[in-house]
Amino acid sequence: MVPRQVPHGYANVSERARQPPALAISTVIFALRPDPDTGRPALWLPLVRRIREPFRGLWALPGGPLGARESLQEAAAGNLASTTGLAPKHLEQLYAFGGTDRSPSPRVVSIVYWALVQPDEAALSRQDDNVRWFPATAPGQLAFDHNEIVEYALWRLRNRMEYGSIAYAFLGDTFTLAQLREVHEAVLGRELEPANFRRQLRAARDIEPTDQYQQGGRHRPPRLYRYTGELLPGRETPAGPGSAAGSPTSTTPATEQ
């Protein structure tokens, strides 16, 4: 009896398919940078070009495999430092993405963090042929399901802007009301009426005027303000855009990322 011939590579593919899922860490980093066309602040994020398969040559979120002795937070911070040179003050778990078709076998579950950095922090990031900043709303075709991850991170960020203190993570210790409004406009993607925005801020807690003024302008210098609260995670529902229940189709909640 002639032994059945196994097609070349079949055994390896079958073995990989039976392997348990691997764990990886990815991070979405948001920062405000000038729009090249208008000069107004816009939301940007750094991406890393993949230098190996799968998806060689495509841009992807900074990340890498989870080490056996690393905490999730340590892995996220270490990946950012090694790829972008960034060490964000605001680094928080976003979600876990574990769709069965999100990557070629073996299956990979990504624990995704997000980071918000101030302009002076973003200016220190590494930029070369394999690390580049892209508009957050139009990053182009990304590797794996990273377009979906960026879209979800944008939704979460905009959701928080409506009721939380997260806007202040983009600003320095002091800021003008116009700068605060620009943060909201950049994240929400629409212009806000200045007078209405000021009226809403009068009722806001944890923001107080200082006795300092911004210098260097042509007109009367605007007063600087200070945020006195804490940048704590806002209350968030697990739902997201894109499905009947409101949650992304290939994600599952994570407790730490």
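Because the model is predicted, local features need pLDDT of at least 70 and side-chain atom pairs count only at pLDDT 80 or more, while totals for chains, interfaces and linings use all residues. Residues are numbered from 1 along each chain as its sequence is written, and side-chain values use heavy atoms, with hydrogens and water left out.

Let's start with the largest pocket, which holds about 750 Å³ of space. A pocket here is an open set of points on a 1 Å grid over the protein atoms alone, where a 1.4 Å probe fits, with protein on both sides within 12 Å along at least five of seven lines; lining residues have an atom within 4 Å of a point. The volume is the space filled by probe spheres set on the points, which are joined across faces, edges and corners. There are 31 lining residues, and Arg50, Arg52, Gly63, Gly64 and Pro65 are the closest to the pocket's centre. Strand β1 gives the most to this lining, with five residues. (Strands are DSSP runs of E, at least two residues; helices are runs of H or I, at least four; both are numbered from the N terminus.) By class, the lining has 16 nonpolar, nine polar and six charged residues, where Ala, Val, Leu, Ile, Met, Phe, Trp, Tyr, Cys and Pro count as nonpolar, Asp, Glu, Lys and Arg as charged, and the others, Gly among them, as polar.

Next comes the loop between β2 and β3, where you will find Pro54. Glu53 and Pro54 are joined by a cis peptide bond, with omega about 0°. Phe55 lies in this loop too, and its phi is positive, near 65°. Most residues other than glycine have a negative phi, and most peptide bonds are trans.

Finally, helices α5 (residues 177-188) and α6 (residues 194-202) pack with their axes 11 Å apart, at an angle of about 105°. Axes are lines fitted to C-alpha atoms over the stretch in contact, and angles run from 0 to 180 degrees between N-to-C directions. The two helices are therefore roughly perpendicular, a term for angles of 65 to 115 degrees.

Terms used
Parallel < 35°, antiparallel > 145°, perpendicular 65-115°, else oblique.
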